[in-house]
Every structure is written in C-alpha cells, then in structure tokens.
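Visitor: I'd like to look at some side-chain pairs and hear how they get their labels. Can you take me through them?

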Amino acid sequence: MSQVWFVPSTTFLAMVARLSFPLALLFATPCLDRGQERPSVAELLQQFETTTVFWQQFEVAHAIVAAHDPSVLPKLESWLTHEDRHLRGNAAFIFAGLGDPRGFDVIVGILGDRSERREVHKISSAGLPSIQGQISEDRYYAAHLLGDLKDPHAVPILVPLLKDQEVNYIVPWSLGQIGDRSAIQPLIATLSDKNPSMRVLAIYALVELKATEALPRLRQLLGDNERCNFDKLESVAEAARAAIAKL
C-alpha cells in the first residue's frame, strides 16, 4: 500500500520555535494531490500505527477524526498507554475527537505526568538524553493538543498554566483556538506578565477571541517597546497596535 502524507496544518507552526524543529522539515513530505483518491479509514489506521514521527502521525490522526468512524477506537486502545507521550497524545486526540472521553482524560493526564518512565528523545546541551527536558516537551505538546481539540472543558485546565514556564508559551494559542470567552479575562491579566513574549502571545489570543473588552488595556501597551523572542521579534507595542486595528 502506498503511503500518503499530509502537509502539517498551521497548528504546528505554534510549537516550532518551542520544540526547536527546523521549519523546513514541516514541508519536507509531499501533500495529498487534490486529484488523488483519499485513503480509506483502514489505510489511515495502518499509517497511524506505522508512523513514529509525531507531527506526521498527528496529521493522520486528524484525518481519522475527520472520517467520523468510531469503529477504529478498539484498535487504538493500546496507544493510550504508549510510553512515548507524543504518540499517546495523538491517539488520545482521535478518541476525544470521536467523542470518547478517555481521550480528553489521557491528554490532561500527560499535563500532570512527571514519571521518568517514558521514551526520551530530548537531548541536553551536553549531548545526553534529558528526561526532564522530555517531560517538559511532552507536557507542552499535551497543552497544544487541547487547543487542537477546541473543547471548552480545557479552559479551566489551561488558564493556570499561563504561569507554568514549561508550557505557558503555547497556552494563549490553545485558548484562542478553543474560542471560549471565559479565557478573555485571564489573557488580559497576562498582558501584565513580566515576559514580553507572553504579553505578545496573549495579545494574539485576544485578537483570536475578538476580545474588544481588552482594548483599554491594549492602548496602555502602546509605549511598551520590549520585544518578544520569536518570529519577527516584534515589540509588545507593535503587537498591541496591530491588535487594536483588528479589534
């Protein structure tokens, strides 16, 4: 059977900098041609089970969810305890996306999981496997998956993580993707975070949420010239000015 890969969705751009993946890798695999026949659910399931690169596997997981066929779930139950938390999270995304609450619970469980018994891919600056670094990346990915799910039940779980330095960079993005307005006030509070990158990320999320109630606070940031540490290294003031124009 031929392999069919999917171009990674824009959701993954939010974690490229945090997980240190070369951006070119995200576009290294061919996309599905529009004229090419879509793979069957059985083919997608086989591809999911044989793919070990987590972001590629996630794209297959996304396609499985889009097929709306819960009959695949019994075949994936063993993945919910996989020692690689990224692959475990991908399987959990399928369960949650197809309406099985075990998926959401598994992803939330990864957020609080600091067990050293796990597959370790993270390498320290000394060139050695880093368990703590892997725990951090696994938790970060779980917070990302909650944004991918767009489940409002994740908001009260994510909001406290705005102050968790292992995962906080992805939390505003996830809250913006979920789209629940209960996240607006915590994000406005994050505009006072000492880290300018967090202030910029909160601004982006507030725009995503169309949070016009943030406008007074955004105007107060027009003199904030500290710069974020990602993408175009824009200042907080520049981000605030762009947000005001959009809102």
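Guide: Start with E213 and R181, whose side chains meet in a salt bridge, 2.9 Å from N to O. Keep in mind that this is a predicted model, where local features need pLDDT of at least 70 and side-chain atom pairs count only at pLDDT 80 or more, while totals for chains, interfaces and linings use all residues. Residues are numbered from 1 along each chain as its sequence is written, and side-chain values use heavy atoms, with hydrogens and water left out.

Visitor: What makes E213 partly exposed?

Guide: Buried means under 20% relative accessible area, exposed means over 50%, and partly exposed is in between (1.4 Å probe, protein chains only). E213 has 35%, so partly exposed it is. R181, with 44%, gets that label too.

Visitor: Which residue forms a salt bridge with E238?

Guide: That's R227, with the closest N and O atoms 3.3 Å apart. E238 is partly exposed at 32%, and R227 is partly exposed at 48%.

Visitor: Are D113 and R85 buried or exposed?

Guide: Both are buried. Their side chains also meet in a salt bridge, at 2.8 Å from N to O. R85, R88, D113, R118 and D138 are linked in a network of salt bridges.

Visitor: How many aromatic pairs does the structure hold?

Guide: Four. Rings of Phe, Tyr and Trp (its six-membered ring) pair if their centres lie within 6.5 Å; planes under 30 degrees apart count as stacked, over 60 as edge-to-face and the rest as tilted.

Visitor: Why is the pair of F54 and Y141 called edge-to-face?

Guide: Their ring centres are 4.9 Å apart and their planes sit at 75 degrees, so the pair is edge-to-face. F54 is buried, with a relative accessible area of 10%, and Y141 counts as buried at 1%.

Visitor: What makes Y204 and F230 an edge-to-face pair?

Guide: They are 6.4 Å centre to centre, with 75 degrees between the planes. Y204 counts as partly exposed at 34%, whereas F230 is buried, at 14%.

Conventions: A salt bridge is a side-chain nitrogen of Lys or Arg within 4 Å of a carboxyl oxygen of Asp or Glu.
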